[in-house]
Protein chains: 2
Amino acid sequence: MATSASLDALTSKLREIHHLHDAAAVLSWDQETYMPSGSGAIRAEQLATLQTLAHNQLVSLEVESLLGAFVDIETGTVLPEHQSSLDDTSQALVRETWRDFSRAKKLPSSFVNELERESSIAQQVWVEARKTNDFQRFLPNLERLIGFKRKEADYLGYTDSPYNALLDTFEPGATVAQLRPLFAELRTHLIRLLDQIRNSPVRPNTSILTQSFDTTKQVDFGRLVLKQMGYNFQRGRLDLSAHPFTTSFHPTDARVTTRVFDNDLPSCLFSCIHEGGHGLYEQGLSARYYGTPLGETISLGIHESQSRLWENSVGRSQAFWKYFYPKLQQTFPEQLGAVQLDEFYLAINHVGPSLIRVEADELTYNLHIMVRFEIELEVIEGQVQVDELPDIWNAKIQEYLGVTPSNDAEGVLQDVHWSFGAFGYFPTYTLGNLYAAMLFHQAKKDMADLEQNIGQGNFQPLKIWLNDRVHRWGRQYSASELIQRVTGQTLTSEAFIKDLEEKYGNLYQFSTPPSSKITP
Amino acid sequence: MATSASLDALTSKLREIHHLHDAAAVLSWDQETYMPSGSGAIRAEQLATLQTLAHNQLVSLEVESLLGAFVDIETGTVLPEHQSSLDDTSQALVRETWRDFSRAKKLPSSFVNELERESSIAQQVWVEARKTNDFQRFLPNLERLIGFKRKEADYLGYTDSPYNALLDTFEPGATVAQLRPLFAELRTHLIRLLDQIRNSPVRPNTSILTQSFDTTKQVDFGRLVLKQMGYNFQRGRLDLSAHPFTTSFHPTDARVTTRVFDNDLPSCLFSCIHEGGHGLYEQGLSARYYGTPLGETISLGIHESQSRLWENSVGRSQAFWKYFYPKLQQTFPEQLGAVQLDEFYLAINHVGPSLIRVEADELTYNLHIMVRFEIELEVIEGQVQVDELPDIWNAKIQEYLGVTPSNDAEGVLQDVHWSFGAFGYFPTYTLGNLYAAMLFHQAKKDMADLEQNIGQGNFQPLKIWLNDRVHRWGRQYSASELIQRVTGQTLTSEAFIKDLEEKYGNLYQFSTPPSSKITP
């Protein structure tokens with residue numbers, strides 16, 4: 001019979017496996033920040049070895065036997081004798097470990113290797129194809145990759161749609177049946193709001209944000225904001241990289257990066273706040289359960305909720321800038337000394353359709369996501385052919401956003417995700433926005449003085465609230481369980497739409513007709 | 001029978017194992033350069049996992065079987081059928097692989113783990129003991145570690161002295177019987193030269209080197225020198241760390257670090273040149289044989305010969321500064337504008353007994369090494385007790401250098417080496433100096449215009465000569481074979497002593513009495 005000693009043995013084995021993932025994460029961080037330009041090829045090999053080893057260790061007989069002491073290895077059900085002897089936390093630990101184990105077990109090692117190699121090649125081809133604006137060049141790789149992903153879905157198993165199996169990798173529990181109506185409703189509101197904004201006489205002066213701003217000062221200001229948010233620099237770092245990201249090797253070492261452009265103030269600023277939200281989640285995980293699912297983040301959607309909550313609900317709020325704007329003016333007196341807070345606040349919240357997802361505003365961003373979701377769903381389900389993608393892309397972008405890419409580089413080739421086989425990833429961005437709004441609404445309910453505190457630069461109560469309600473639980477609860485526990489509600493877009501309506505109604509001076517309001 | 005396919009299989013397995021060492025090296029580099037202060041504990045665990053895995057893979061049945069197709073696994077002799085079928089290079093590959101395999105195989109996994117843990121603890125205790133100047137605190141850990149190292153020598157096997165087994169780890173083939181007379185002769189000359197320098201009326205003005213020098217400019221100058229030496233920044237980097245070091249993850253990614261102090265110009269400058277020499281060796285290894293012994297450096301002594309050749313034979317030469325001094329003056333016009341080249345050249349070559357090894361000059365450095373060699377030899381052979389070390393240390397330093405530490409922090413506790421169990425490491429520093437002088441003499445013989453080129457800042461011929469004669473061979477030859485091949489001589493201290501006599505005779509204005517001259 002399994003004992004606490006054998007639970008320790010399982011935990012200790014999981015930690016060892018996690019060290020390999022951590023090592024790979026350090027190598028990846030290094031690759032994006034400091035690695036010399038000439039050593040990309042060997043780094044890919046080193047990473048592949050670490051990942052293969054970690055995979056092989058997870059599906060090893062040793063893990064199977066340690067895990068089999070607690071659960072039925074075929075079904076994942078906790079064995080009857082442990083249903084009372086194990087507390088909820090330990091049951092969650094073995095249940096989630098089994099989830100990882102059984103998913104990994106379903107994928108043959110040779111398949112994992114082939115997919116890894118195929119992705120690695122496809123990514124390089126994509127870089128070239130985007131550079132030369134040549135979809136045809138990427139097409140055969142993309143076709144093969146999609147073949148692999150369908151096969152992966154078959155290995156993993158699914159109900160209704162093969163897309164569900166892929167989605168489940170990034171957002172456990174999410175399904176097409178859940179997302180379709182959720183996104184459809186959201187879309188209606190977003191398009192209505194976008195129309196209202198288009199018809200508004202208000203024209204934000206975004207040129208104040210594209211003056212020349214010293215890049216060192218920008219990064220220093222980002223660091224200041226991060227510190228104030230409660231991001232711990234004894235347990236993390238801020239570096240520069242081509243694309244901002246967060247990575248973690250342990251709660252004591254969770255790092256963020258940003259990028260910085262001389263003539264684009266929001267880029268560095270909001271990247272810092274966004275990644276800071278991710279970083280706080282990673283720093284807030286339990287060190288005690290490090291290496292086990294209870295020391296891991298729940299899903300990409302919940303991860304994104306943390307970054308979006310800080311970036312948008314906090315970082316684009318009036319209260320936040322009431323506190324920070326005078327400091328920003330002091331940092332850039334020439335550029336912003338004569339710009340009023342209201343003008344700045346309007347500029348950083350301006351909305352406008354655009355072609356590039358990563359440059360999109362808080363509102364239209366989700367329309368970009370929907371385009372991708374619908375396309376990847378159809379292509380994985382085989383309803384469209386891969387060579388039709390550019391046309392479908394352009395048509396949908398025109399339909400949703402009213403703009404049309406002039407070439408594939410600013411169209412179907414713009415994102416890296418598909419090139420490394422990440423189908424089912426995109427929806428988590430919008431889920432993150434919805435979770436963020438729900439969590440922030442609840443935080444305001446729980447802390448009547450939240451906005452007042454933010455206005456005074458006191459982010460400690462919000463950080464602690466998130467640590468307590470979200471971070472420290474790791475994967476003890478699923479995304480839907482967590483949201484239910486914290487907010488008492490199931491996932492909806494209400495809170496998010498309400499926030500947009502309020503914010504943009506005020507900024508763009510329109511009122512929402514009662515008929516279109518959502519009844520809570 | 002083994003085929004070229006099975007040699008490929010062996011090579012490919014070795015590469016995979018090497019990826020784990022590379023990953024550990026990246027994690028160590030990160031630890032010394034950018035890692036947040038709060039994550040030391042987890043990093044130690046991550047490193048231990050990678051090292052244990054690499055060890056286990058090397059001694060695995062898979063490697064044994066792949067290797068056994070080519071060599072007698074008990075003796076390492078290449079099997080008769082392969083003595084003609086394998087070329088010299090392939091024979092060296094399997095022979096050296098067997099050396100690593102059989103050494104690793106002799107050490108039980110549990111012993112490796114215990115030693116690893118013991119070293120890790122001892123190192124932390126040493127840090128505290130040095131800080132508080134408290135040898136007694138470190139004593140029990142040091143005693144245990146020495147016990148472990150004696151046991152390690154027993155596992156590895158040895159003739160004459162257990163110290164030989166440890167020395168062999170760092171300098172394959174070197175023995176006490178070889179080092180004793182070599183060092184004894186060297187010592188006689190060094191002490192004589194030191195006396196002559198002491199009695200010289202010449203007093204270098206070292207205060208010109210301890211003015212205030214902008215640290216950013218110092219590092220930029222170091223980078224300039226590295227580039228000029230031929231160190232490739234597309235395949236390496238220069239960063240700051242508490243102690244300068246070189247690390248490599250592949251010939252395309254061999255990094256160096258330096259340290260920099262406002263009031264110590266030589267520190268950053270010569271660290272850059274020194275590490276640059278190491279870095280050129282690593283960048284000059286064969287990428288084709290990466291992961292196998294033929295893609296690895298020969299020994300610590302040969303490694304050190306590369307750093308010392310650049311640091312001392314090149315970097316402290318008149319020709320070098322003929323080229324670089326005007327540039328250095330341009331960088332620091334206020335501090336050096338009025339200082340003549342001769343005065344500067346004398347100052348960077350000044351000799352004087354001191355207490356701290358890492359701050360010692362080119363000459364007295366080797367006396368520091370001899371003190372350590374003699375002590376660690378006696379302690380490993382059990383001729384002295386560990387608690388006697390502070391007194392023995394102080395007596396020897398007084399005898400060799402004429403100075404006495406005022407406390408153990410500047411005495412027996414000053415070096416990190418023993419705290420991580422590196423007994424047998426120190427002699428390689430002096431071997432490096434001797435090899436460096438021999439190689440540089442040969443380089444001058446082979447290239448009549450070498451000094452002229454150096455005086456014009458053209459280091460390319462020397463770099464290529466070192467690439468060709470030393471770097472590219474990896475471990476195809478042992479240290480003694482390589483030196484014999486390149487210089488036609490066996491290891492002696494002649495070239496080194498000759499260089500010192502010439503340089504210091506000129507600088508300190510003394511001539512060496514003919515009686516003490518070495519007859520070549």
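**The sheet, the interface and a helix pair**

Mentor: L238(A) stands opposite V256(A) in β3(A). Before we go on, this is a predicted model, where local features need pLDDT of at least 70, side-chain atom pairs count only at pLDDT 80 or more, and totals for chains, interfaces and linings use all residues. Residues are numbered from 1 along each chain as its sequence is written, while chains are lettered from A and ligands numbered from 1 in the order in which they are written.

Trainee: OK, in which sense do β1 and β3 of chain A pair?

Mentor: Parallel: strand β1 (residues 238-240) of chain A and β3(A) pair over three bridges. Strands here are DSSP runs (E, at least two residues) and helices are H or I runs of at least four, numbered from the N terminus. Two strands pair if DSSP finds at least two bridges between them.

Trainee: And what does β2(A) do with β3(A)?

Mentor: Strand β2 (residues 246-248) of chain A pairs with β3(A) in the antiparallel sense, again over three bridges. T246(A) has V256(A) as its bridge partner there. A hairpin of five residues joins β2(A) to β3(A).

Trainee: Is β3(A) buried or exposed?

Mentor: Five of the five residues of strand β3 (residues 254-258) of chain A are buried, so the strand is largely enclosed by the rest of the structure. Buried takes 20 or more other C-beta atoms within 10 Å of the residue's own, exposed is 12 or fewer, and partly exposed is in between, with C-beta atoms placed from the backbone.

Trainee: Which way do its residues point?

Mentor: A254(A), V256(A) and T258(A) point one way from β3(A), with R255(A) and T257(A) pointing the other way.

Trainee: Switching to chain B, what's the strand order in its sheet?

Mentor: β1-β3-β2, an open sheet of three strands with mixed pairing. The edge strands are β1 (238-240) and β2 (246-248) of chain B, each pairing on one side only. Helix α11 (residues 265-283) of chain B lies across β2 and β3 of chain B, at about 170° to β3(B). That angle is between N-to-C directions, on a 0 to 180 degrees scale, using lines fitted to C-alpha atoms (for helices, over the stretch in contact).

Trainee: Now the dimer. What rotation puts chain A on chain B?

Mentor: 180°, with 0.0 Å of shift along the axis and an RMSD of 0.0 Å. The two copies are thus related as by a two-fold rotation axis. In chain A, the C-alpha nearest the axis belongs to A23(A), 3.2 Å away. The superposition is least squares on C-alpha atoms of residues with pLDDT of at least 70 in both copies.

Trainee: How many residues are in contact across the two chains?

Mentor: 27 residues of chain A are in contact with 26 residues of chain B. Contact takes C-beta atoms, placed from the backbone, within 7 Å. α1(A) gives the most to chain A's side, with seven residues. Also, 96% of the interface residues of chain A are interface residues in chain B too, so the copies meet through the same surface.

Trainee: Last topic: at what angle do α16 and α18 of chain A cross?

Mentor: Roughly 140°, and the axes of α16 (residues 365-380) and α18 (residues 427-446) of chain A come within 8 Å. The contact is made by N366(A), I369(A) and F373(A) of α16(A) and P427(A), Y429(A), T430(A) and N433(A) of α18(A).
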